[in-house]
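Subject: Handing over a structure, with notes

Dear colleague,

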Amino acid sequence: MKSAIVIGVGPVDGLGAQLCHRFAAEGLHVEVAGRTKEKLEAVVASIEKAGGSASAVVADATSEADIEALFERTGDSLDLAIYNAGNNTPGRIVDMEAQYFEQSWRVCCFGGFLFGREAVRRMAPRGSGTLLFTGASASLRGRSFFGAFNSSKGALRMLAQAMAKEYAAEGIHVGHMVVDGAIGGEKIKTAFPDYAARLGEEGMISIDGIVDGYAFLYHQPPRAWTFELDVRTSQETW
Ligand SMILES: NC(=O)c1ccc[n+]([C@@H]2O[C@H](COP(=O)([O-])OP(=O)(O)OC[C@H]3O[C@@H](n4cnc5c(N)ncnc54)[C@H](OP(=O)(O)O)[C@@H]3O)[C@@H](O)[C@H]2O)c1
């Protein structure tokens with residue numbers, strides 16, 4: 001049985017969880033990784049209820065030991081690895097603590113390096129595999145009050161692009177998904193209800209639509225690989 005690792009999994013109605021669902025439905029065993037055990041177990045339970053196979057793994061994306069241990073679980077079966085961790089970190093630079101900026105970089109960039117490195121270490125000897133990274137509007141442009149997040153997501157995108165070029169000849173497809181706007185999932189709806197209400201359902205990106213993009217990248221043949229997809233709603237001004 002082929003397996004997948006998805007790190008950055010939270011609520012069932014979230015992007016990370018729905019990526020796990022989709023690839024479990026496609027027959028992969030999914031290692032469901034994130035920080036909060038209860039959330040991971042709820043995702044695994046819902047996958048198993050739907051007939052899929054998954055395990056919950058508590059792992060912090062910024063911990064080298066956690067990421068190495070996470071990849072130890074899959075052995076040669078690893079076919080897909082998705083780096084989905086990444087919290088928005090707003091704030092004016094002039095007021096920002098150094099540690100806050102560094103933590104943003106650790107989650108959005110450094111963690112992507114640790115994760116990507118362990119993925120290619122396992123995929124390259126076999127000569128196949130897919131490694132995908134989740135980006136945001138922040139991946140493409142700097143914006144006032146978002147300097148920490150923009151710089152770390154931008155760096156993650158450049159890491160992904162470098163890896164796409166460095167490992168393509170070894171059979172590894174590296175891709176990056178620019179999620180350009182708010183996702184219509186639990187995160188925005190519960191943490192920012194006023195913002196979600198202002199946007200309305202039509203103004204928030206469909207999780208299923210984003211997941212379709214990941215599945216498209218995963219299934220591309222080596223003679224027609226895409227590095228990057230962007231998704232936004234029809235309402236988005238960009
Ligand atoms: N939400 C949006 O509107 C939006 C828009 C554009 C792009 N994105 C991107 O989409 C991805 C998914 O984000 P999401 O917020 O919507 O949530 P999500 O996919 O539902 O869940 C992501 C989970 O990542 C976990 N996480 C955060 N830091 C981590 C770390 N250091 N190690 C392991 N797991 C960690 C969090 O777990 P805990 O619950 O334990 O904190 C969070 O629940 C992110 O890369 C984000 O930048 C989101």
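Predicted model: local features only at pLDDT ≥ 70, side-chain atom pairs only at ≥ 80, totals over all residues.

Residues are numbered from 1 along each chain as its sequence is written.

The protein has eight helices and seven strands, where helices (H or I, at least four residues) and strands (E, at least two) are DSSP runs numbered from the N terminus. Its radius of gyration, taken over C-alpha atoms, is 17 Å, close to the 18 Å that the globule rule (2.2 Å times the number of residues to the power 0.38) gives for 238 residues, so the protein is as compact as a globular protein of that length. Buried residues make up 44% of the 238 residues; a residue is buried if 20 or more other C-beta atoms, placed from the backbone, lie within 10 Å of its own, exposed if 12 or fewer, and partly exposed in between.

The helix α4 (98-123) has 26 residues and reaches 36 Å from its first C-alpha to its last, close to the 38 Å expected, which is 1.5 Å times one less than its number of residues. A kink of about 45 degrees in α4 is centred on R106, the bend being the angle between axes fitted to the seven residues ending there and the seven starting there. Among the buried residues of α4 are S104, V107 and M123, and what covers the buried residues of this helix includes β1 (3-7), β5 and α5 (147-167).

Around the ligand there are 29 residues, of which G10, G14, A61, G86 and A136 come nearest; a residue is near if its C-beta atom, placed from the backbone, lies within 6 Å. The elements that give two or more residues to this shell are α1 (15-25), α4, β5 (129-136) and α6 (186-191).

Two loop residues also deserve a look. F145 lies in the loop between β5 and α5, and its phi is near 75 degrees, a positive value in a residue other than glycine, whereas most residues other than glycine have a negative phi. F145 counts as exposed because it has 11 C-beta neighbours inside 10 Å. P222, in the loop between α8 (207-219) and β7 (228-231), counts as exposed with 10 such neighbours.

How values were computed. Contact = placed C-beta atoms within 7 Å.
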